[in-house]
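Q: Hey, could you walk me through this structure? I'd like to start with the sheet and then hop around a bit.

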There are 4 protein chains.
Amino acid sequence: MDLTTPLILVNLKTYSESMGEKAVKLAKIAEEVTRETGICVALAPQFSDIHRVASASEVPIFAQHVDPVTPGRGTGSILVEAVVEAGAVGTLLNHSERQLGLALIEASLARAKEVELKVCICSNNQAVSGAAAALGPDFIAVEPPELIGTGIPVSKTQPEVVTATVETIQNINPVVIPLCGAGISTGEDVAAALKLGTQGVLLASGVTKAKDPKKILLDMATHAK
Amino acid sequence: MDLTTPLILVNLKTYSESMGEKAVKLAKIAEEVTRETGICVALAPQFSDIHRVASASEVPIFAQHVDPVTPGRGTGSILVEAVVEAGAVGTLLNHSERQLGLALIEASLARAKEVELKVCICSNNQAVSGAAAALGPDFIAVEPPELIGTGIPVSKTQPEVVTATVETIQNINPVVIPLCGAGISTGEDVAAALKLGTQGVLLASGVTKAKDPKKILLDMATHAK
Amino acid sequence: MDLTTPLILVNLKTYSESMGEKAVKLAKIAEEVTRETGICVALAPQFSDIHRVASASEVPIFAQHVDPVTPGRGTGSILVEAVVEAGAVGTLLNHSERQLGLALIEASLARAKEVELKVCICSNNQAVSGAAAALGPDFIAVEPPELIGTGIPVSKTQPEVVTATVETIQNINPVVIPLCGAGISTGEDVAAALKLGTQGVLLASGVTKAKDPKKILLDMATHAK
Amino acid sequence: MDLTTPLILVNLKTYSESMGEKAVKLAKIAEEVTRETGICVALAPQFSDIHRVASASEVPIFAQHVDPVTPGRGTGSILVEAVVEAGAVGTLLNHSERQLGLALIEASLARAKEVELKVCICSNNQAVSGAAAALGPDFIAVEPPELIGTGIPVSKTQPEVVTATVETIQNINPVVIPLCGAGISTGEDVAAALKLGTQGVLLASGVTKAKDPKKILLDMATHAK
């Protein structure tokens with residue numbers, strides 16, 4: 001399945017509800033939702049689940065992080081070639097739970113481009129989004145850290161943050177696709193995010209901890225049309 | 001296969017020669033060597049290869065690193081439950097290419113114990129080995145960083161470093177198993193390491209970049225008897 | 001004034017109440033308390049205040065941190081020679097607000113010894129204290145992070161943590177001097193800490209934010225006799 | 001003395017040749033050069049030397065780094081209020097020897113603006129310079145890390161890097177002042193840097209390790225006119 005917009009990108013983090021076989025199950029649900037709605041649902045599982053999930057489903061898979069290392073040394077590092085070989089088509093970078101040095105972001109992005117891995121840089125505010133845009137990633141997801149995991153959607157409570165961020169990104173680098181993160185948990189939140197100029201959402205617990213993830217994802221995909 | 005001593009622990013790092021299907025192939029070779037010699041050969045592949053390698057072979061698998069996070073948040077982190085679920089029985093910690101804060105090592109070790117994941121703390125010298133021993137890991141691998149990847153075995157060029165480290169570890173915590181790292185590339189190096197009081201070796205390029213890994217591993221296992 | 005035990009070591013952190021001229025004033029108060037009671041009160045001001053405070057008073061001065069760099073490169077790093085030249089006689093290392101890699105602690109300690117700078121490693125629990133003891137610093141201050149800044153003294157609420165830590169330190173390295181940190185704010189807290197086998201206290205807000213620091217310090221010093 | 005352009009900004013790093021009283025002496029030399037030529041020479045001494053140097057001379061003083069902490073906790077951190085109180089008017093940020101997370105750079109810059117501390121973000125290449133420009137610092141110094149400390153001036157060997165970086169900065173944020181770093185050691189290097197569109201230089205060993213720093217600084221200042 002192609003990585004298209006509007007995009008619903010689900011970060012599985014380290015939730016036990018979305019690990020191992022449960023990640024595979026969630027991927028199959030995501031696949032169904034995409035088939036039924038035509039809206040792209042992508043997943044970012046843990047590193048150790050990438051190959052398993054990518055082998056069992058056709059949804060686009062993101063790594064949660066990559067390092068700027070080249071093959072060889074780098075014990076414990078995430079090599080871009082390895083995540084591509086395991087089946088990923090993209091990666092998050094600089095998530096608020098895995099913040100990176102500015103020069104490391106630039107170097108990791110350059111490595112990712114070498115292997116045609118799409119990159120979504122996460123940013124915590126408008127200024128950081130502008131800096132990220134200057135680096136030329138494929139996506140930027142703005143997520144005010146204080147809203148992550150709260151279920152309080154930035155698209156509703158701080159719409160001006162989203163609008164200003166989208167504008168900053170477009171001024172600096174109009175090919176970068178803005179996503180809206182932090183607190184997204186319903187189809188309405190997704191619709192609000194798209195109205196503010198973003199082309200998708202990055203979310204986590206809203207789906208991973210849902211009793212019925214398919215219902216939530218269908219609601220989101222329907223509102224994204 | 002059980003994790004026994006003397007132990008030959010092969011760190012696959014991010015070598016392209018030991019990634020993906022090549023990691024699986026190497027695991028099968030390791031399995032053969034263990035069957036033929038009775039000496040335990042364990043592998044530490046990249047995170048994204050753990051499940052694939054563990055599914056395809058019976059050799060003990062180590063992660064290259066884990067984080068002290070609990071399930072939930074921690075995007076891009078290595079959860080101990082995830083590496084266990086993928087099939088690992090142990091993990092490296094504090095490799096010289098992935099150095100960790102003292103308190104993080106202690107916390108990661110505590111997390112690993114919760115899920116019965118064996119831990120090999122890597123240390124760069126005698127003093128650090130003593131500190132690591134006080135934390136109570138299963139293994140400590142001493143690797144003078146300047147020798148890593150050189151093919152110059154610490155067991156031959158700095159035998160006194162190995163001897164002193166083994167003694168320090170035993171004084172502080174006699175149940176910890178000392179391993180010898182850095183520059184190990186032949187059966188003779190392994191024999192020298194064991195004579196100095198270690199109970200195994202941690203190595204990487206000596207096997208991963210070898211033209212005939214089976215020949216090298218057989219040589220090492222034979223010398224470890 | 002000599003650095004003696006029992007020791008009252010006051011970490012000025014980045015409190016505005018103990019910065020610049022206010023740090024000098026506090027040092028003069030500490031000096032008076034030492035003269036009047038014979039108990040050593042030492043201060044750990046911000047780096048930019050070390051020279052000023054050391055020039056204006058005779059109390060022993062600690063840096064709050066040092067890096068393992070040697071003279072030369074290392075922009076923004078804290079060189080041990082620089083803090084000694086500015087007038088410090090000791091340094092904190094690995095404070096919970098400035099945690100360090102295990103190998104960096106060992107390397108920084110080695111650098112400090114080269115210039116005869118006393119080192120107090122901060123630790124968050126018993127296990128980490130044991131590891132720190134193996135490295136051979138002059139002091140170890142145990143501070144459960146959850147109590148730092150609370151005014152809830154570890155010596156009262158978790159006396160068993162302090163006792164066990166003192167024992168661990170003595171078993172591994174009996175020349176290391178244990179200090180008690182976290183939540184110390186009264187003379188009684190100091191007395192309790194000493195009864196548990198420590199030879200002094202590391203504290204911060206209890207003094208820096210006190211209305212009458214001299215009164216508090218006198219109370220502490222009196223209880224330390 | 002005012003902080004004006006063209007600017008010669010000398011990073012004293014942790015060189016023993018420019019520490020303590022030697023930093024004061026260098027500041028007096030810088031002061032003389034400014035008086036004689038009208039060209040601003042600013043110094044970035046070690047933290048523990050800021051107050052001493054600022055008290056003894058009138059040259060603009062930069063810190064080598066600041067942290068985004070607010071007054072209070074933050075043991076071992078560099079508080080912007082503290083460096084201002086000690087006499088600094090500016091700070092380096094993200095030097096290649098002290099690289100910072102993207103979000104930390106943005107937060108530190110915001111803190112610096114609160115206390116009117118000028119900020120010079122260091123960058124290692126054109127892309128990172130663009131990202132830095134989006135954050136809105138006062139200065140950006142581009143320094144290819146492989147040339148730092150070599151005496152091989154980027155302005156001569158990679159003039160196209162400097163030109164492209166200046167252009168990128170101006171496109172994204174024209175009020176940011178570009179400086180040229182890495183390998184600057186003569187007046188000619190300074191002249192070359194200014195011709196390429198920068199408004200000054202950031203250098204270190206070229207002055208700190210010079211036998212006759214005044215002669216070098218005079219040569220640089222003369223070529224900067």
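Q: So in what order do the strands of the chain B sheet come?
A: The order is 2-1-8-7-6-5-4-3: eight strands in an open sheet, with parallel pairing. Strands here are DSSP runs of E with at least two residues, helices are runs of H or I with at least four, and both are numbered from the N terminus. Two strands pair if DSSP finds at least two bridges between them. One heads-up: this is a predicted model, where local features need pLDDT of at least 70 and side-chain atom pairs count only at pLDDT 80 or more, while totals for chains, interfaces and linings use all residues. Residues are numbered from 1 along each chain as its sequence is written, and chains are lettered from A and ligands numbered from 1 in the order in which they are written.

Q: Which strands sit at the edges in chain B?
A: Strand 2 (40–44) and strand 3 (62–63) of chain B, each pairing on one side only.

Q: And how many bridges join strand 1 to strand 2 in chain B?
A: Five, with strand 1 covering residues 7–11. B:Leu7, for instance, has B:Cys40 as its bridge partner.

Q: What about helix 2 of chain A, how many of its residues are buried?
A: Eight of the ten in 47–56, among them A:Phe47, A:Ile50 and A:Val53. Their cover includes helix 1 (21–37) of chain A, and also helix 2 (47–56) and helix 3 (80–86) of chain B.

Q: New topic: how many residues does each of chains B and C put into their contact?
A: Chain B gives 18 residues and chain C gives 18, where contact means C-beta atoms, placed from the backbone, within 7 Å. On the chain B side, helix 5 (126–135) gives the most, with eight residues.

Q: Why do those copies meet through the same surface?
A: Because 100% of the interface residues of chain B are also interface residues in chain C.

Note on methods:
A residue is buried if 20 or more other C-beta atoms lie within 10 Å of its own, exposed if 12 or fewer, and partly exposed in between; C-beta atoms are placed from the backbone. Two residues are in contact if their C-beta atoms, placed from the backbone, lie within 7 Å.
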